[in-house]
Amino acid sequence: MSSLSEQSALATTLRTDTCGLLRSDDVGRTVRLGGWVHRSRDLGGVVFIDLRDRTGLVQLAFGLAWSDAETLRLAAAVGVESVVLCEGDIVARDADRQNPDMQTGAIEVRVRALRIVGPAVTPALPVARGRGEKVAAEELRLRHRYLDLRRPELQENLVLRHRLLQVSRRYLSERGYLELETPILTKPTPEGARDYLVPSRVHPGEFYALPQSPQIYKQLFMCCGFDRYFQIARCFRDEDLRADRQPEFTQIDIEASFVEREDILALAEGLIGALWLEAGHTIPAHFDRMSYHDAMEYYGCDRPDLRYGLRLADYTAVFAPLAFAVTASAIAAGSRVRGLVVPGGAAWSRKQVDELEALAKGAGAGGLLRLRYADGAYDGPLAKFLTDEARAALALTDGDLALFVAAPDRVASPALDRVRQECARRCALIDETMQRFVVVMDFPMFEEDPATGALAAVHHPFTAPHPEDLVSFPDHPARWRALAYDVVLNGTELGGGSIRISDPAMQSRMFALLGIGSTDEQERRFGFLLEGLRAGAPPHGGIAFGFDRIAMLLAGAPSLRDVIAFPKTTAARSLFEGAPVAVSPDDLAELHLTVTETSA
């Protein structure tokens with residue numbers, strides 16, 4: 001009998017079986033089912049209903065040969081999306097009446113008794129029957145999420161999400177990690193985005209923050225002796241949204257003691273491998289490693305897509321001798337000339353190349369220099385300035401299009417990254433079946449404000465600096481690398497982490513470098529962490545994976561909203577419940593708050 005153990009687990013007093021798990025082996029059985037009316041067909045004397053639950057669909061058949069007149073009448077009158085209970089016998093369909101598009105298409109249930117337990121009004125939108133079927137506009141679906149979540153596609157996504165959560169818990173638990181919870185009402189700390197603040201009723205004028213991550217708490221667990229921690233953590237960030245971001249999200253949060261970088265990365269590789277295997281993919285046991293420097297130098301970003309080539313190169317030495325004003329002035333100002341060569345790109349029209357330049361400008365570049373080589377001739381603004389030595393150094397072949405940006409790296413890298421990605425798309429170089437994982441390491445410790453010289457942490461202020469740099473450049477922190485690492489797949493960051501600062505003196509120095517210099521200020525903002533470190537802290541580090549993003553990738557969904565039950569829109573609104581909302585003056589007064597007038 002098909003899926004008997006699962007059927008047994010799902011059986012209740014009101015139903016013996018579920019719709020989508022019935023098979024030909026069940027023919028002859030009497031079953032009780034409950035579900036939603038997906039669609040109905042009244043053929044005059046015979047009524048068919050497709051009944052749906054989360055396991056799938058099954059066809060119910062009503063006719064006077066086995067159903068009484070009242071049951072047949074109810075079947076003909078019941079509305080779509082109404083909830084019904086029924087009892088009947090499973091029979092095999094005739095060969096010419098079987099439905100190969102349904103897993104239960106070889107059988108049907110001849111219903112003897114029917115009860116409508118949840119009559120439904122006409123639904124605001126139709127419930128699509130399968131993947132790829134046209135659905136209503138997203139805003140309408142989010143407004144009526146209770147209907148949208150009935151779609152098999154979204155239900156499959158959430159079932160996969162559940163399975164991935166269980167794999168995560170099992171994998172980490174089997175390796176000695178303890179699932180420990182951290183507070184949701186926390187103290188505001190710098191994590192790179194704005195906090196969601198929660199006013200305290202009992203402490204007027206004081207606020208909690210919702211956690212952007214459990215970072216400090218998991219480090220304190222290490223100080224407490226809980227040497228292996230994980231949490232499926234809910235986190236909150238008040239930042240601008242995109243398709244792959246939500247204001248509240250879930251991450252797989254991990255921390256361990258007495259570890260070095262490769263210990264954490266080995267665990268990360270194993271966990272990602274287990275999650276991908278659960279979704280039906282086998283991936284390499286070991287991911288490539290790449291330095292941040294190489295990622296930026298050759299790909300223009302710190303999350304490179306390695307499914308295709310089109311690597312960036314430094315052409316400064318080629319252009320330095322040329323009398324081309326644009327590149328000459330840039331080089332004289334200390335900038336470089338970097339670019340890429342696109343095989344076959346010489347055939348693109350001027351309009352198509354102008355579109356690439358618009359991408360580069362949108363990323364901050366002043367322009368995009370272009371040089372074509374076709375039929376043995378060079379074409380473009382640069383062509384007449386090329387020397388024989390320059391031509392030899394460029395080594396273009398027939399049909400090549402070379403594209404360059406002359407600018408500081410902080411401008412050229414993001415511009416060339418955008419251009420590289422678009423060129424790969426146009427040239428059909430991206431193999432959508434390929435999965436190229438890479439770990440990017442040795443990030444800069446700080447970003448330096450070019451105007452003021454002030455330092456800001458690239459990751460967060462608890463990341464340990466590279467010990468080699470502390471020896472080589474002890475008094476030049478702007479040159480330090482961080483013991484930080486990101487796991488990247490096909491240009492998407494899956495997660496990141498670092499080895500942490502376990503020495504309280506170094507942590508205090510880090511705060512000072514970031515402008516939190518006074519002892520009083522450090523104690524006020526981070527005293528609870530510093531006290532924990534002073535009490536004796538082991539070397540420790542960790543990583544956190546964006547679980548929603550992983551679920552989105554493994555489900556093949558275009559947006560995080562397709563793997564989150566009740567997501568927010570890109571405007572951070574919950575259309576289903578109508579949040580956020582204004583609060584009454586009385587409620588505000590109890591929280592010791594007033595709201596100033598805001599413009600519409």
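Tutor: We begin with a definition: a residue is buried when its relative accessible area is under 20%, exposed when it is over 50%, and partly exposed in between, with a 1.4 Å probe and protein chains only. Helices (H or I, at least four residues) and strands (E, at least two) are DSSP runs, numbered from the N terminus. The model is predicted, so local features need pLDDT of at least 70 and side-chain atom pairs count only at pLDDT 80 or more, while totals for chains, interfaces and linings use all residues. Residues are numbered from 1 along each chain as its sequence is written, and side-chain values use heavy atoms, with hydrogens and water left out.

Student: How many residues of strand S17 are buried?

Tutor: In strand S17 (residues 437–441), five of the five residues are buried, and the strand is mostly covered. In a regular strand the side chains alternate between the two faces of the sheet. Here Phe437, Val439 and Met441 point one way, Val438 and Val440 point the other way, and all are buried.

Student: Which strand does S17 pair with in the parallel sense, and which strand runs antiparallel to S17?

Tutor: Two strands pair if DSSP finds at least two bridges between them. Strand S11 (residues 288–291) pairs with S17 in the parallel sense over four bridges, and Arg289 stands opposite Val439. Strand S20 (residues 484–489) runs antiparallel to S17 and is joined to S17 by five bridges; there, Leu489 is the bridge partner of Phe437.

Student: In what order do the strands of the closed barrel run?

Tutor: The closed barrel has five strands in the order S1-S2-S3-S5-S4, with mixed pairing. On average, neighbouring strands of this sheet are turned by 55° against each other, direction ignored. For such angles, axes are lines fitted to C-alpha atoms, for helices over the stretch in contact, and angles run from 0 to 180 degrees between N-to-C directions.

The pairings can be taken in turn. Strand S3 (residues 56–63) runs parallel to strand S5 (residues 107–118), joined by two bridges, and Leu60 has Val109 as its bridge partner. S4 (residues 83–92) pairs with S1 in the antiparallel sense over seven bridges, with Leu85 as the bridge partner of Gly34. S4 and S5 are also paired in the antiparallel sense, over 10 bridges, and Glu87 stands opposite Ala113.

Student: Which helix lies across strands S1, S2, S3 and S5?

Tutor: That is helix H2 (residues 69–77), which runs at about 75° to S5.

Student: What do the buried residues of helix H6 pack against?

Tutor: Contact means heavy atoms within 4.5 Å. H6 (residues 215–224) is mostly covered, with eight of its 10 residues buried; among them are Ile216, Leu220, Phe221 and Met222. The buried residues pack against strand S9 (228–236), strand S10 (248–257), H16 and strand S22 (540–546). Just after H6, Gly225 takes a positive phi of about 100°.

Student: How do H6 and H16 cross?

Tutor: Angles under 35 degrees count as roughly parallel, over 145 as roughly antiparallel, 65 to 115 as roughly perpendicular and the rest as oblique. The axes of H6 and helix H16 (residues 519–534) come within 9 Å and cross at roughly 25°, and the two helices are therefore roughly parallel to each other. A crossing is left-handed if the near helix is turned anticlockwise from the far one by less than a right angle, and right-handed if clockwise; H6 passes H16 in a left-handed crossing.

In this contact, Ile216, Gln219, Leu220 and Cys223 of H6 meet Phe526, Phe528, Leu529, Gly532 and Leu533 of H16. These residues divide into seven nonpolar, two polar and no charged. By convention, Ala, Val, Leu, Ile, Met, Phe, Trp, Tyr, Cys and Pro count as nonpolar, Asp, Glu, Lys and Arg as charged, and the others, Gly among them, as polar.

Student: How does helix H15 cross H16?

Tutor: The axes of H15 (residues 504–513) and H16 come within 10 Å and cross at roughly 160°, which makes H15 roughly antiparallel to H16. H15 passes H16 in a right-handed crossing. The residues in contact include Phe511 of H15 and Phe526 of H16.

Student: Is Lys568 buried or exposed?

Tutor: Lys568 is buried, with a relative accessible area of 13%. Lys568 is found in the loop between helix H17 (547–555) and helix H18 (585–590). Glu248 is 320 residues from Lys568 in sequence, yet 8.5 Å away in space, C-alpha to C-alpha. Leaving aside neighbours within four places in sequence, Lys568 is in contact with Gln246, Pro247, Glu248, Arg561, Arg573 and Ser574.
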